[in-house]
Amino acid sequence: MPEIPSVSGPEDVRIGVYVCHCGTNIAGTVDVKALASYAACLPHVAVSREYKYMCSDPGQALIEVDIAEHDLNRIVVASCSPLLHEATFRRVLARAGLNPFLLQMVNIREHVSWVHSDRKTATEKAKDLVRAAVRRVSLHKPLEKRRVPINPSVLVVGGGIAGIHAALKLADAGKQVYLVEREPTIGGHMAMFDKTFPTLDCAACILTPKMTAVGSHPNIKLYTYSEVVKVDGYVGNYKVRIKHKPRYVNEDLCIGCQECITACVYKEGKTPDEFNLGLSKRKPIYLAFPQAVPQKVVIDRDTCIEFKSGKCKKTCIEACGERLAIDFKQKETFEEIEIGAIILATGFKTFAPERNPSCGYGQYPNVYTSLEVERLINASGPTGGEVILRDGKRPTSVGIIHCIGSRDANSNRWCSKVCCMYSLKLAHLIKEHTGAEVFNFYIDMRTPGKGYEEFYDRLLDEGVHFVRGRVADVSDWAVHPSEEGKLVIRAEDTLAGFVRRIPVDMVVLSVGLEPQTDAQDVRRLFNISCSSEGWFLERHPKLAPVSTFTEGIYIAGACQGPKDIPDSVAQAGAAAAEALALIDAQSVELEPYTAAILEQDCSGCKSCIPLCPYQAITFVDEKKKAYINEVLCKGCGTCVAGCPSGSIQQNFFEDDQIFEEIEGVLAYA
Amino acid sequence: MIPCKPKVAFYWCASCGGCEEAVVDLAEAILDVVAKVDIVFWPVAMDFKRKDIESMAAGSITATFLNGSIRTSEQEEMAHLLRSKSQLLVALGSCSHLGGIPGLANLFDRTSILREVYIQPPSTVNTGGTLPQAHYQDNGHSLELPVFHETVRSLDQVVDVDYYIPGCPPTPKTFAAALQTLLSHQLPEKGSVLAPDCALCDECPRKDTKPEKPVFSEFKRPQQMLVDEQKCLLAQGFLCMGPATRAGCEALCVRGNMPCTGCYGPTSRVRDQGAKILSCLAALLESKDEQEIDRVLGTIPDPVGTFYRYALPGSLLRRKKLDGVPQAPLAPR
Amino acid sequence: MPDQNQEAPPSISQGGNAQASNVSVRTHITIDPITRLEGHGKIEIFLDDAGAVQRAYFQVPELRGFEKFVQGRPAEEMPQITSRICGVCPTAHHMAATKALDDLYKVDPPPAAKMIRELIYSTFIAEDHALHFYFLGGPDFVVGPNAPAADRNVLGVIAKVGIETGKKVITMRRRLRELVALAGGKAAHPVFGLPGGVAKHITSEAQKQFQEVADEAVDFAQFTLQLFEEVVLKNSDYVSLILSDAYTHRTYYMGMVDSQNRVNFYDGLIRVVTPEGKEWKKFASQKYLEHIAEHVEPWSYVKFCYLKSVGWKGFTEGEGSGIYSVAPLARLNASDGMATPLAQKAYDAFFSTLGGKPVHHTLANHWARLVELLYAAERMKELAADPELTDDNIRVLPTEKPKEGIGIVEAPRGTLIHHYQTDENGLIEKANLIVATQNNAARIAMSVEKAAKKLISGANVPEGVLNQIEMAFRAYDPCNGCATHSLPGSMPLLVRVRNQSGNTLTTLRRDCNGSVHRD
Amino acid sequence: MLNRDPRASEISQDRFEPRIVAFFCNWCTYLAADLAGTSRLKYAPNIRVVRLMCSGRVDPQFVLDAFAHGADGVFIGGCHPGDCHYQEGNYKALRRYRLLKRVLKDMGIEEERFRLEWISAAEADRVRSAINQMVEKVRELGPLNLQVKDAPKASTEEVCV
């Protein structure tokens with residue numbers, strides 16, 4: 001074949017190259033002046049400048065003016081990652097009357113100045129990348145973004161405080177909201193708490209109204225005991241498949257009178273109660289907790305005699321009587337919904353302290369997790385709010401150990417953010433309930449936040465003891481009569497500078513926060529990313545904290561990282577606002593990176609058809625050629641790479657453009 | 001552009017002569033051709049002493065049809081000469097277009113080829129290890145042979161080429177059509193391949209029998225199973241180059257109930273025929289498991305020899321890397 | 001054959017003499033090119049002090065190295081890959097390779113498949129022989145050795161025998177090639193050959209076409225023999241030319257024969273006869289290595305075959321030298337007759353006219369070729385008539401692990417040997433290819449030298465020499481390794497006389513329009 | 001050999017500095033590379049990244065073109081199996097990679113010069129380590145030096161068989 005000329009593209013191509021210093025971020029490592037003057041000598045380059053901050057107004061103005069004065073028709077900006085500012089500079093071109101896609105960005109910050117230290121090599125690399133961009137951009141063609149209408153309803157996944165808040169905001173704004181919760185009730189972790197720090201107002205008192213509001217809101221369709229199993233479509237037009245798990249109680253018929261529960265053949269509950277973390281027992285037919293929303297009982301088929309033997313008297317059915325709400329034949333059902341945006345608020349799980357044996361959890365009955373203690377203290381909890389130990393005693397001394405499963409190389413490196421504060425809260429409540437001596441073992445006391453430090457001071461005044469230092473272990477090994485029958489906490493007191501042995505009746509482990517066990521599956525389902533810890537990854541840690549890399553999908557609450565209630569609620573509001581902003585625009589622009597069949601070149605070999613994951617490619621029998629439905633095409637380009645006769649072209653990623661870029665970076669010396 | 005009775009020339013380098021047979025296959029039509037043009041020489045019909053061609057005025061030949069790849073110093077010299085004497089230089093057939101089957105020699109180095117031919121064959125008696133020499137004194141008689149180059153090259157890797165006529169050999173129809181185009185007064189864009197720019201499936205008689213979702217769990221070799229005379233060969237599991245090969249031959253091999261082997265080369269939109277058929281076939285596998293993927297692909301016994309049957313010198317890599325850089329003749333000096 | 005000196009233009013002889021006077025004793029003549037034998041064939045002639053030819057070298061300056069680059073390729077691709085050795089006789093290589101695959105996989109094709117193969121092959125031989133007689137070798141006789149070169153080509157033939165006959169020739173060739181394409185996919189580089197059979201069965205429509213064309217082919221062959229008789233045999237000059245010593249070599253002859261020692265192109269045993277015509281050896285393909293060896297000269301890319309047990313004695317003829325010959329004349333010499341009635345008659349006529357077996361006159365190859373043309377046509381007719389031909393059982397699938405396979409056929413230009421070794425996956429590990437003309441290479445070299453010695457003396461080289469040297473090797477229809485032939489007509493020649501310091505004394509050039517120039 | 005790249009001397013007096021072309025998918029590996037930047041992880045400067053939407057877009061022609069134009073190594077980065085933003089593009093990349101690797105081997109190009117890595121958006125450190133490893137490996141192998149683009153039309157061979 002004849003050699004394709006290295007710099008093709010029409011003669012009248014006039015390129016402007018703009019090198020950004022990004023303060024010293026780039027200029028510190030890359031010789032931006034040398035780079036700009038190098039670019040000036042490249043073919044078709046009419047103007048080449050460097051400037052302190054290209055993304056600033058004056059920076060953008062610079063480009064606009066040049067486009068007019070030097071009638072430039074292609075722009076190369078060498079600055080940060082295109083994922084950060086491509087949109088910004090495309091707008092500049094648009095303002096200057098150029099098609100925005102006649103821009104090519106060169107990532108000389110994330111990919112050069114920040115990852116290399118040698119100025120010479122960094123500058124040379126930057127030159128290669130700019131040269132490649134200049135060659136590529138000459139082949140760029142004007143493109144039009146596609147506009148698609150947006151379905152104005154929103155799916156919220158997760159019925160914790162974040163999901164609830166987001167759902168209510170959207171519903172109040174008049175949007176149709178679908179709230180999906182996998183448990184039989186909404187409420188999440190917050191429903192388990194007794195009080196909330198630092199104000200100590202009762203969690204239930206502030207949460208329950210919101211829960212009932214959700215249950216009764218005309219714009220909210222609540223699906224509890226349900227899970228999302230499939231997600232299709234794209235921003236503004238998602239199709240989601242939801243699985244409804246059978247609760248063996250007809251939700252429409254059950255009025256939540258709970259007579260069936262009393263009537264159950266089990267006189268006493270035999271099954272550890274999930275909501276109380278096993279501190280109490282429940283029956284096979286139960287209501288998660290008194291304020292559960294919806295107020296519908298559920299039957300646990302693993303423990304229900306009818307399901308196990310089929311020989312139950314079914315007293316529950318008698319009790320339900322003509323309401324006929326109980327239905328042992330119920331099967332799981334599926335439902336398809338269409339929405340424009342999705343908010344993920346799937347929350348967290350607490351660290352399982354068994355993973356850290358030295359703290360004695362599971363070994364000594366009087367070692368509790370912080371969440372268990374929340375239930376113990378809670379008036380509606382297993383002990384009706386009395387702090388009574390598993391052995392029935394009332395504790396006279398209690399040790400609260402911070403950072404269990406946080407800031408620990410052996411488990412999780414991160415700080416769970418909420419533990420210090422809730423430990424202080426628990427210390428206060430325990431002292432209040434029992435008058436016991438309370439010792440807090442902490443590494444650092446972290447109390448940033450409104451009224452938090454003040455709360456810490458208050459605890460100090462209340463006479464709670466604080467030991468600064470890591471706890472070595474918890475054991476019942478008494479070396480002194482005073483330790484007999486007690487749990488001994490060994491810890492290095494870094495302030496006093498010696499190892500302490502503190503005997504207590506009760507140990508509370510302040511367990512950290514972790515991503516949900518199935519976080520990875522969920523993120524795959526919704527096609528978003530996770531950080532290496534497993535928290536859902538935001539589009540930008542500062543500028544887009546609730547957006548994801550998938551348009552139209554937002555994240556709120558602790559699924560994105562450890563958060564306390566105020567932060568979760570704030571973020572939920574932000575996510576709701578983002579979703580609202582999206583769907584209120586009524587239509588959305590899609591990147592035009594779609595692929596198209598070059599019709600008269602296509603031989604109709606059909607090789608591309610199976611390659612498309614979106615069934616966007618069909619075979620047109622009349623013409624005996626393939627056809628790509630632009631609306632279904634998401635622009636991955638797999639079919640382009642696969643077309644054996646090169647008869648498919650992808651906008652903005654045309655073969656020749658990519659060849660130019662490859663040959664461009666290699667055309668050194 | 002072309003005078004009323006154009007002067008036409010033919011020459012061949014490393015080739016088999018099939019291309020010129022294709023010209024003779026014009027049969028009765030050859031007489032019309034002879035009437036239309038002035039055949040100033042055929043490979044063997046004229047003295048090709050270098051100086052005779054040198055003595056011709058530059059551009060005095062309207063069009064030279066050169067077939068065969070460039071393997072020896074002599075062929076290279078001739079290519080340069082003919083280029084300078086011709087208004088149009090047309091690469092005729094796979095060998096000059098893309099290197100052709102002799103181009104498979106680029107998988108080996110010169111020395112191993114010479115040893116294989118002159119020393120190692122079971123029938124050859126050559127205990128002295130005699131090899132043909134570029135310069136040799138035979139009891140005082142000095143004899144010369146052209147240099148056997150390390151690498152086979154397509155014509156355009158040696159001289160500037162105006163047009164290409166693909167095929168091994170080009171069908172008489174392809175050749176006649178190309179000749180027509182060249183005799184016409186509006187010449188196509190320089191560098192054009194004078195054949196349809198669509199893949200072979202377009203004109204394949206079995207096109208309709210190809211399923212919409214051809215996926216592979218195994219590739220078949222023709223001796224492993226009977227070949228259905230109606231069904232798409234790829235669909236039967238035989239490796240057919242058709243989807244990655246330019247149309248124009250009217251699918252002769254397929255009509256002969258054998259898969260296309262790719263002699264018309266890639267379409268104008270493809271730079272590397274082998275890479276493209278590779279990309280197409282591999283992607284169509286079903287498995288997601290690396291071992292299984294390797295097993296299925298393992299049923300293609302000779303990827304390079306199959307994907308680049310006619311196009312190795314014309315491919316992006318051109319030849320197998322020789323041990324010990326620099327790469328002659330690819331490396332810059 | 002008119003006297004060369006008379007024919008030489010005075011200007012030349014004078015120039016020649018003028019030059020000769022200051023010629024230093026030793027001179028060197030290059031004839032380049034002779035004809036297209038893969039690149040140019042090249043003849044180097046060295047004169048002794050007396051100006052007589054001391055040594056003439058026949059060089060083949062081109063190589064492609066198939067033996068090497070087929071390594072690693074799947075064996076089943078060999079019929080298609082090796083056919084690219086020669087675009088003029090691709091079917092011969094295709095067939096030899098296909099037979100080697102049968103042997104490699106130890107499969108015996110079904111009857112229909114064997115018939116289809118031999119039918120295609122006979123069609124091909126008929127086409128190729130016709131091509132040579134009318135387009136290449138024939139013009140020497142039909143138009144005449146001394147006719148202006150411009151006429152000595154197919155167009156000249158047409159002029160001589162009449163446009164109708166000319167069209168007939170062209171049409172015949174086209175129809176024969178169309179049949180090869182019909183059954184084999186392509187005329188040049190067919191695709192039908194597979195181990196244990198063929199790719200495609202013959203439909204009854206196809207069979208009809210074969211029958212029609214076969215009939216025409218038989219008539220055509222007879223017509224051609226008649227033409228030869230009238231134009232050549234009735235011309236005493238031609239006959240004496242054929243019989244002249246310049247074109248005579250006493251060597252061994254090799255060809256493939258059937259069970260009754262009759263010529264067979266597709267299958268049989270290899271038979272070798274001595275210069276006296278006695279059977280020297282008869283062996284199966286698989287035994288070729290015991291009998292055939294190749295010799296390498298540093299001054300040519302072609303290898304020279306010889307009979308192993310007789311040995312390489314240099315470029316000498318006779319019983320003591322291992323040099324032997326193949327191609328039509330050799331096949332007739334090495335056989336006891338033809339397997340079809342009309343061809344048998346022609347065979348008898350051939351030998352009775354030329355004084356019994358064996359015939360050592362190189363130029364007799366042209367006649368022998370026509371005898372074979374007739375046989376091929378008759379064989380076509382037989383096979384095309386066979387009802388079993390259209391049977392659709394055309395493949396036996398191999399079950400054996402491949403290891404080694406040898407396939408031999410008679411190509412138009414002589415015995416053709418393909419020999420492969422593979423790994424157990426059927427990928428080629430080693431290939432040995434002995435192509436037809438290699439068997440003749442040594443004898444061609446001798447012919448050229450003999451002609452040169454007989455015809456050239458001193459720096460003064462008249463033009464007549466050129467035709468005669470040309471004819472010396474064209475009779476073999478040389479297709480070195482496997483190149484091709486003169487298309488169409490006259491071959492250009494250059495004779496340059498240089499003194500030892502390499503300065504050109506005289507250059508004589510005849511270009512394609514036949515005019516002779518002296519530079 | 002080093003002089004083929006004028007910078008080789010600048011980078012270090014005696015070390016060969018390989019030139020590696022990388023194709024990163026927009027959703028995982030390119031993001032990871034950005035993250036490596038924001039995290040200020042330092043790695044070898046020998047890599048030149050070409051951004052594509054999906055590893056499934058990597059046409060084997062791109063890989064060959066890179067080698068042909070002087071790349072000493074080619075690196076493809078895509079999402080982990082099951083994580084492809086386009087569902088299965090990375091599997092298609094994997095299948096092509098496996099076959100292309102065989103072809104390159106037959107063409108005499110060492111396996112280590114062509115590498116496919118699954119790197120998620122979060123794995124900035126994998127970007128660093130994978131690139132450093134590859135650069136080291138290719139440095140050991142030395143220059144590939146197939147600069148087909150510069151192949152002169154005139155033969156550069158010494159004239160003797």
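A salt bridge here is a side-chain nitrogen of Lys or Arg within 4 Å of a carboxyl oxygen of Asp or Glu. Keep that in mind for the first stop. This is a predicted model, in which local features need pLDDT of at least 70 and side-chain atom pairs count only at pLDDT 80 or more, while totals for chains, interfaces and linings use all residues. Residues are numbered from 1 along each chain as its sequence is written, chains are lettered from A and ligands numbered from 1 in the order in which they are written, and side-chain values use heavy atoms, with hydrogens and water left out.

**Stop 1: where chain C meets chain B**

Select Asp25(B) and Arg173(C): their side chains form a salt bridge, 3.0 Å from N to O. How many salt bridges are there between chain C and chain B? The count is nine. For polar contacts (a pair of N or O atoms within 3.5 Å; within protein, one must be able to donate a hydrogen and the other to accept it, and residues adjacent in sequence count only if both atoms are side-chain atoms), the count between the two chains is 33 residue pairs, both at pLDDT 80 or more.

Now color helix α9 of chain C, residues 163-184, which gives the largest share of the side of chain C that touches chain B, six residues. Helices (H or I, at least four residues) and strands (E, at least two) are DSSP runs, numbered from the N terminus. That side of chain C splits into 46 nonpolar, 25 polar and 31 charged residues. In this sorting, Ala, Val, Leu, Ile, Met, Phe, Trp, Tyr, Cys and Pro are nonpolar, Asp, Glu, Lys and Arg are charged, and the others, Gly among them, are polar.

Zoom out to take in the whole contact (heavy atoms within 4.5 Å): 102 residues come from chain C and 88 residues from chain B. The buried area, meaning the accessible area (1.4 Å probe) that two parts lose on being put together, summed over both, is about 7900 Å² for this pair, and carbon and sulfur atoms give 61% of it.

**Stop 2: inside chain C**

Color by pLDDT, the predictor's confidence in each residue, from 0 to 100. Chain C averages 83, with 79% of the residues scoring at least 70. Over residues 1-26 of chain C the pLDDT stays under 50, and it stays under 50 over residues 34-39 of chain C too. Where pLDDT is low, the predicted coordinates should not be read in detail.

Next, pick Arg117(C) in helix α6, residues 111-136. Is Arg117(C) buried or exposed? Arg117(C) is buried, at a relative accessible area of 0%; buried means under 20%, exposed over 50%, partly exposed in between (1.4 Å probe, protein chains only). Its side chain makes a polar contact with that of Asp102(C), at 2.5 Å. Beyond four places in sequence, Arg117(C) also touches residues including Met95(C), Phe192(C) and Tyr266(C).

Then move to Leu433(C) in strand β14, residues 428-434. Leu433(C) is buried, with a relative accessible area of 3%. Its contacts beyond four places in sequence include Phe66(C), Ile85(C), Glu294(C) and Tyr420(C).

**Stop 3: chain D**

Chain D has five helices and four strands, in the order α-β-α-β-α-β-α-β-α. Of its 161 residues, 68% count as buried.

Select Ser55(D) in the loop between β2 (47-52) and α3 (60-68). Ser55(D) is buried, at 2% relative accessible area. Among the residues Ser55(D) touches, leaving out those up to four places away in sequence, are Cys25(D), Gly77(D), Gly78(D) and Asn90(D).

**Stop 4**

Most residues other than glycine have a negative phi, and most peptide bonds are trans. Here are some exceptions to click on.

- Arg40(D) has a phi near 55°; Arg40(D) sits in the loop between α2 (29-38) and β2 and is partly exposed at 38% relative accessible area.
- Arg318(B) has a positive phi of about 70°; Arg318(B) lies in the segment after α11 (303-307) and is buried at 9% relative accessibility.
- Phe197(A) to Pro198(A) is a cis peptide bond, omega near -10°; Pro198(A) is in the loop between β8 (195-196) and β9 (201-202).
- Lys357(C) and Pro358(C) are joined by a cis peptide bond with omega about -15°; Pro358(C) is in the loop between α14 (341-353) and α15 (365-385).
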